[in-house]
Amino acid sequence: MVVNEVVDTRTPSPPLGYSKACTHSMQQQIHIVAEFHVHKINPKRIAYRTGIDITLVEDLIAGESQEKLFKRLLAHYRTRRRDQRLKKSLRQKGIAQATLQDDIEREYQASLEPVEQLRLS
């Protein structure tokens, strides 16, 4: 009796491994990695939770694969995250709201600085 074995071609991802097989297209994988990276999720955790090959995750983040597309997606998801956080900050009132919004804008601007430095180089 022969049992169908699925051969996993992904790079081993110690210590977590992968929680499931990846069923997303390459385009979807790039979007997922960009969104998770903007939310400051560790690359090993991205690979574990989504099943995306750890080498792809690390290559995208390092700028070694799909550089232009990934940078555009990062900019899109950073702006989207900032907008979501600003909308959520409206639950606060007065000084707490203003302080939170200033912190959100400061963090957003800091996330853009490495991109600006690359453009100047």
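Reply: A residue counts as buried when its relative accessible area is under 20%; over 50% it counts as exposed, and in between as partly exposed. Keep those cut-offs in mind. Note too that this is a predicted model.

Start with Ser89. Its relative accessible area is 0%, so Ser89 is buried. This serine belongs to helix α4, which covers residues 67–89. What does Ser89 touch, once neighbours within four places in sequence are set aside? Its partners are Gln97, Leu100, Gln101 and Ile104.

Ala47 comes next. This alanine is part of helix α2. Its relative accessible area is 0%, and therefore Ala47 is buried. Beyond the neighbours within four places, Ala47 contacts Ser13, Tyr18, Ile52 and Ile54. Take Ser13 from that list. In sequence, 34 residues separate Ser13 from Ala47. In space, the C-alpha atoms of Ala47 and Ser13 are 7.7 Å apart.

Ile52, a contact of Ala47, also contacts Ile32. Ile32 sits in helix α1. Is Ile32 buried or exposed? Ile32 has 17% relative accessibility, which means that this residue counts as buried. With neighbours within four places left out, the contacts of Ile32 are His24, Thr50 and Ile52. Between Ile32 and Ile52 there are 20 residues of separation in sequence and 9.1 Å from C-alpha to C-alpha.

Now for a helix pair. Two packed helices are described by an angle between axes and a distance between axes. Here the pair is α1, residues 26–38, and α3, residues 54–62. They pack at about 65 degrees, and their axes are 10 Å apart. The crossing of α1 past α3 is right-handed. On the α1 side, the contact uses Met26, Gln29, Ile30, Val33 and His37. On the α3 side, Leu56, Val57, Leu60 and Ile61 take part. By type, this contact has seven nonpolar residues, two polar and no charged ones.

Lys40 is in the loop between α1 and α2, where α2 spans 43–50. Its relative accessible area is 59%, so Lys40 is exposed. Gln66 is in the loop between α3 and α4. Gln66 reaches 44% relative accessibility and therefore counts as partly exposed. Most residues other than glycine have a negative phi. Lys40 is not a glycine, yet its phi is positive, at about 65 degrees. Gln66 is not a glycine either, and its phi is positive at about 50 degrees.

Rings come next. How many aromatic pairs does a search of the whole structure find? It finds zero. A charge does sit over one ring, though: Arg82 lies over the face of Tyr108, 4.3 Å from the ring centre.

Finally, the whole fold. The protein has five helices and zero strands. Along the sequence the pattern reads α-α-α-α-α. The protein has 121 residues, and 27% of them count as buried. Consider contacts between residues at least 6 apart in sequence: 62% of these join residues at least 24 apart.

Methods:
Residues are numbered from 1 along each chain as its sequence is written. This is a predicted model: local features need pLDDT of at least 70, side-chain atom pairs count only at pLDDT 80 or more; totals for chains, interfaces and linings use all residues. Side-chain values use heavy atoms; hydrogens and water are left out. Rings of Phe, Tyr and Trp (its six-membered ring) pair if their centres lie within 6.5 Å; planes under 30 degrees apart count as stacked, over 60 as edge-to-face and the rest as tilted. A charge sits over a ring if NZ of Lys or CZ of Arg is within 6 Å of the ring centre and within 35 degrees of the ring normal. Axes are lines fitted to C-alpha atoms, for helices over the stretch in contact, and angles run from 0 to 180 degrees between N-to-C directions. Helices (H or I, at least four residues) and strands (E, at least two) are DSSP runs, numbered from the N terminus. A crossing is left-handed if the near helix is turned anticlockwise from the far one by less than a right angle, and right-handed if clockwise. Contact means heavy atoms within 4.5 Å. Ala, Val, Leu, Ile, Met, Phe, Trp, Tyr, Cys and Pro count as nonpolar, Asp, Glu, Lys and Arg as charged, and the others, Gly among them, as polar. Buried means under 20% relative accessible area, exposed over 50%, partly exposed in between (1.4 Å probe, protein chains only).
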